[in-house]
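Visitor: I would like to learn how to read a structure like this one. Please take me through it one feature at a time.

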Amino acid sequence: MASTHEIAPNQLRNWKNEFLANAPNVFDNKKDKVLQEKVNDQERENDSLYKKVGQLTTQVDWLKKI
């Protein structure tokens, strides 16, 4: 298989071992839900921080005009 796809045999063996070590994670839907929840939390936090930065920028610009 390695020679057919022009991949080093050691690399193919490493990929196989890595997959076998992590195979349960590939098919675990609970981890997907937890990961998606973390992503959503991070997006909410980023939105909040961007809003705060915008507010502070507006305040600084207003104070510079005075």
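Visitor: How many helices and strands are there in the protein?

Guide: Bear in mind that this is a predicted model. The protein has 2 helices and 0 strands.

Visitor: What radius of gyration does the protein have, and what would a compact globule of 66 residues have?

Guide: The protein has 24 Å, whereas a compact globule of 66 residues would be near 11 Å. The spans of the C-alpha trace along the principal axes are about 70 × 30 × 15 Å.

Visitor: What share of the 66 residues is buried?

Guide: A residue counts as buried when its relative accessible area is under 20%. Here buried residues amount to 3% of the 66.

Visitor: How far does helix 1 reach from its first C-alpha to its last?

Guide: Helix 1 covers residues 9-26, which is 18 residues, and reaches 24 Å. That is close to the 26 Å expected at 1.5 Å a residue.

Visitor: Where in helix 1 is there a kink?

Guide: The kink is at Leu20, shortly before the proline Pro24, and is about 45°.

Visitor: Is Leu20 buried or exposed?

Guide: Exposed means over 50% relative accessible area. Leu20 is exposed because its relative accessibility is 51%. Leu20 is also part of a nonpolar surface patch of about 450 Å², together with Phe19, Val26 and Phe27.

Visitor: Which residue forms a salt bridge with Asp41?

Guide: To find a salt bridge, look for a side-chain nitrogen of Lys or Arg within 4 Å of a carboxyl oxygen of Asp or Glu. The partner of Asp41 is Arg44, and their closest N and O atoms are 2.2 Å apart. The structure holds 1 salt bridge.

Visitor: Why are Arg44 and Asp41 separated by about one helical turn?

Guide: Both belong to helix 2, residues 29-65, and they are 3 residues apart there, so about one helical turn lies between them. As for accessibility, Arg44 is exposed at 51%, while Asp41 is partly exposed at 36%.

Visitor: What is the phi of Glu6?

Guide: The general idea is that most residues other than glycine have a negative phi. Glu6 is not a glycine, yet its phi is positive, about 55°. Glu6 sits in the segment before helix 1. With a relative accessible area of 75%, Glu6 is exposed.

Terms used:
Residues numbered from 1 in each chain as written. Predicted model: local features only at pLDDT ≥ 70, side-chain atom pairs only at ≥ 80, totals over all residues. Heavy atoms only, no water. Helix = DSSP H or I, 4+ residues; strand = E, 2+ residues; numbered from the N terminus. Expected span 1.5 Å × (residues − 1). Bend = angle between axes of the 7 residues up to and from the residue. Patch = residues over 30% accessible without salt bridge, like charges linked within 9 Å, V, L, I, M, F, W, Y side chains within 5 Å. Areas by Shrake-Rupley, 256 points an atom, 1.4 Å probe, with all protein chains shown as cover. Buried < 20%, exposed > 50% of the residue type's maximum accessible area, 1.4 Å probe, protein only. Rg over C-alpha atoms; globule rule 2.2 N^0.38 Å.
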